[in-house]
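Here is a short report for a first look at this structure. Keep the sequence and the 3D view at hand while reading.

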Amino acid sequence: MSHPSLTAQPKATIPFYRDTRMIALISQVIFVLLLVLVIAFFYNNVREGLRANGRTFSWNFLRQTAGFAIAEGPTFLPSDTYARAFFTGAVNTLRVAVVGIVLATILGLLIGIARLSTNWLLRTLAGVYIEIIRNTPALVQLFFWYFAVILTLPDIRDAATVGDLAIISNRGVELTWPLITEAGWGLSWWLWGALVAAILAGYGQQQWRLRQGKLGGGFGTGLLTFLLVALIGFGVTWVTAQLPEQITYELRRGDRGTLYVDVNGNGQFDNGIDRPMRHVPVTLLTEDGTELATTRTDNNGGFVFFELGEERGTSLTWREPAPVVISQPELQGFNIRGGLSISPEYAGILLGLVLYTAAFIAEIVRAGINAVNNGQWEASRALGLSTGETLRMIVLPQALRVAIPPLTSQYLNLTKNSSLALAVGYPDLFSISQTILNQSGAELQVFLMLMATYLSFSLITSAFTNWYNRRVALVER
Amino acid sequence: MAQAELDTRTWVNRNPPQPGRKAPPSEVGVVGWLRANLFSSLGNTLLTLLTAVALYYLVSNLLRWGAQAAWEPVWANRKLMAVGGYPAERLMQPMVVLMLLSLLFGLSAGRWGELMRNLAIGLGVIFAVWMVIPAGSWVQTRMGICLALLVLGALVGSRVAIADRLLTLAWVIFIPIALIMLHGGVTLLGIEWYPWGAGVPSNLYGGLLLTSLLTVLGITLSFPIGVALALGRRSELPAIKYFCIAYIELIRGVPLISLLFMAMVVLPLFLPAGMTNPAGVTRAVVAITLFSAAYLAETVRGGLQAVPRGQYEAADAVGLGGWQKLRLIVLPQALRAVIPAIVGQFIGLFKDTSLVALVGLSDFLNVSRSILVQPAWSQIPGGITHEVYLSVAAVYLIFSFGMSWASRRLETRLGVGQR
């Protein structure tokens, strides 16, 4: 009926091998097949290899006893499992990463600003620093700081002191540091609460200002809230804190021992079960009740009386401490007691990574500030904003938009570079994994866990970057 | 109207331009520069003085230390730091490689200029320095020959129009030739060719030689993989695209040291049962290549994104096929745009190869560390850790800074970042 030209045209006969859709499909199928073949080849090799050595691929080794000690991080005993050792390593890596990121950002910001200074000397000096650091391997720098600087520091007997603030020797750095004592364990909950309250208050303030059409964020309000809640918490803890009833102590050789809460009631200190009493002032008494000496228990409830001479004590009394004590390190014999102790390994890896990453961050800061068009400064001045306001409200928000993606990539680099801790013997995720691998022989499993952990660090970071980028990105039509 | 009056009257300038007054002496010359850059305000002056005092203490202490430091161990071990355990009687082989390299660099510098010329100048300075300082007549004459070849190459390259393709081919075949020269022969298709006696096993390579070898092999081998991954990531075929994304993100998410350890510890597991375990250097090259390819892919992807859409459309319009479009239109533009970034990555890899020291290869860092435990220097008071590590850092610094200087000059010329 219809017109001949409107009826179906004879189908153009395109052979299937020239049809782009078919080519796309076939090439993908071939690619996947090849991939499967390669994986199957390796899988088979691994299976054969393991069988030839009489081993199997299993995760049971994670429950075995590790049998080695870890000097740093959360308390870890040789009787703990491999799984816990791995976890301790991850915590140690984060200890380096988080502190390193904060310090590197501060230093990098300072150097980046110095690099932009109008002062020629300062600018050039910052430039020289950046070039030297960026053009030498991180590992060489790490070796230098650890072996050539930290380990050649003076012996502990002639350690350098920075006022009352720090003792520096080849055994690391001891800082004067506020420590939460046994009476103040409730305070840490208050501090977390303060943090949450501060974030809520700051966010609320920001939103409120936004609705009012005013400029500025809620940082000040947040900080104030934090300080207020922390202060109330301190007061409350101070007034209400009480030491528990069932405190006992072990006294050995008349001058040392442990103060603890006997949780299982067996009259002796069981590490991991009984709770050690931290930073409690203790006084040693003789049989007739005269006071011999006073000291304070350490982080593990232990105490040693050094200045006793020949005398020995037979009993112990203790007082309730303040929730927080400022603990000052002091030399006792060949040991340093009190304060916050930073091991030479931790100091080495931190120093190396912070100085290294700061140079890269400085360049990012410089590029970020340079990226803001000069017209923005001029326009802002023309509106009558002061230099501070211009920086805070005009330049920095725009500079941040440019700087955030490379900055997070530097943070990630720092986290990955913390695996160089292996070189200085700091027990991070990577070096503990090496120990686990050597002892258990479960190479494949350990490497899978290691890769997965590092990968999750980086995926979390890049997820955060993407979220932030979307938030600050220019909205264009 | 004033406008009309102005039009009708002859305008006479009653204030002819006076000869310009000279700028006050405090604003120009040395004094002016000092005022502008160091003493512009009270705060600035204070800052200058503080920095100057700090700098004085730093530099004077460093110089005082440098003058009395024990540099003898480093100087005495210069052969070790250069080539590691490479047999002394076979040193001519790496030297020939260096001479070939000089010639090629010279030719490329003369032909292509730009980056190659800058790099060749740097190389020439190093040769000249080693020709002059008394490091032994053998080394000095060889360095002289290298320098002569470099200059000769540059002269020939700038006068004779060698085809780009020929020169590129020369670079490509240079690498296998260099490997054969270093090994001192080759076994190919059952034919054994070892003109200077038994081959030198790769575990004897060391020092700067091994570091350079790992860097050059790493970047060269990873280049095709990186380009393929970059193209794959932009592919419209989901299977290929997601494989490439997964590979790139996986490798970039883990530290290089974990890949190196994996190559050392786990790689043997993946090989068929009968296969002998490859040498440590080979395994390190595999790890470095796989690592570098992921980063190179991201660099090249940046270049691909910089090629305007119109170029693709124009290529389609003139009827080029997919492969031709890629080879003739897209890749040349994309790769040219990322040359500085690739040089940057080369420098990064040069520094990163120091990590092989942690898996026991005797690269530059590791052989230098071995100086620390040589019994001959155990009597030196205070040890020699400072001297050795600073020397190592200085060598890395010279090479990396030289390369980044060459690349930065190129960037200024190309105007990258200014357009």
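Is A:Arg366 buried, partly exposed or exposed? The model is predicted, and in it A:Arg366 is partly exposed, with a relative accessible area of 25%.

A:Arg366 has a partner. It forms a salt bridge with A:Glu363, and the closest N and O atoms are 3.3 Å apart. A:Glu363 counts as buried, because its relative accessibility is 17% and the limit for buried is under 20%. A:Arg366, at 25%, is partly exposed.

Helix H7 of chain A covers residues 344–371, and A:Ala371 lies in it. A:Ala371 is partly exposed, with a relative accessible area of 48%. Now take A:Arg296. A:Ala371 and A:Arg296 are 75 residues apart along the chain, and their C-alpha atoms are separated by 55 Å.

## Where chain A meets chain B

How many residues of each chain are in contact? On chain A there are 50, and they are in contact with 52 residues of chain B. The area buried between chain A and chain B is about 4,500 Å². Carbon and sulfur atoms give 76% of that area.

The interface of chain A and chain B holds 1 salt bridge by the rule applied. Its side chains are those of B:Arg408 and A:Glu131, with an N to O distance of 3.4 Å. Across the interface of chain A and chain B there are also 11 residue pairs in polar contact, both residues at pLDDT 80 or more. Several helices of chain A give two or more residues to the side that touches chain B, among them helix H3 (120–134), helix H4 (138–150) and helix H11 (443–472). H7 of chain A is also one of these elements. Helix H1(A) gives the largest share of this side, 11 residues. By class, the side of chain A that touches chain B has 33 nonpolar, 11 polar and 6 charged residues.

## Two domains in chain B

Chain B is divided into two parts. Domain 1 spans 86–200, and domain 2 spans 204–410 + 415–419. Their C-alpha centres lie 22 Å apart. In the contact between these domains of chain B, 12 residues of domain 1 touch 16 residues of domain 2.

The two domains of chain B bury about 1,200 Å² between them, 80% of it on carbon and sulfur atoms. Which three residues supply more of the area that domain 1 of chain B buries against domain 2 of chain B than any other three? They are B:Leu115, B:Asn118 and B:Ile175, which supply 39% of that area. Between domain 1 and domain 2 of chain B, the count is 0 salt bridges. The rule does find 3 residue pairs in polar contact across this interface, both residues at pLDDT 80 or more. On the side of domain 1 that touches domain 2, helix H7 (114–132) and helix H9 (164–183) of chain B each supply at least two residues. H7(B) gives the largest share, 5 residues. The residues of this side of domain 1 of chain B divide into 9 nonpolar, 2 polar and 1 charged.

## More salt bridges

Over all chains, the count comes to 11 salt bridges by this rule. In chain B, the side chains of B:Glu313 and B:Arg309 meet in one, at 3.3 Å from N to O. Both residues lie in helix H15 (residues 309–317) of chain B, 4 residues apart, about one turn of the helix. B:Glu313 counts as partly exposed at 46% relative accessibility. B:Arg309 is exposed, with a relative accessible area of 65%.

B:Lys325 and B:Asp316 form another salt bridge through their side chains, at 3.1 Å from N to O. B:Asp316 counts as partly exposed, at 44%. A network of salt bridges also links B:Arg233, B:Glu249, B:Glu298 and B:Arg301.

Technical notes:
Residues are numbered from 1 along each chain as its sequence is written. Chains are lettered from A and ligands numbered from 1 in the order in which they are written. This is a predicted model: local features need pLDDT of at least 70, side-chain atom pairs count only at pLDDT 80 or more; totals for chains, interfaces and linings use all residues. Side-chain values use heavy atoms; hydrogens and water are left out. Domain bounds come from an automatic or database domain assignment. Contact means heavy atoms within 4.5 Å. Buried area is the accessible area (1.4 Å probe) that two parts lose on being put together, summed over both. A salt bridge is a side-chain nitrogen of Lys or Arg within 4 Å of a carboxyl oxygen of Asp or Glu. A polar contact is a pair of N or O atoms within 3.5 Å; within protein, one must be able to donate a hydrogen and the other to accept it, and residues adjacent in sequence count only if both atoms are side-chain atoms. Ala, Val, Leu, Ile, Met, Phe, Trp, Tyr, Cys and Pro count as nonpolar, Asp, Glu, Lys and Arg as charged, and the others, Gly among them, as polar. Buried means under 20% relative accessible area, exposed over 50%, partly exposed in between (1.4 Å probe, protein chains only).
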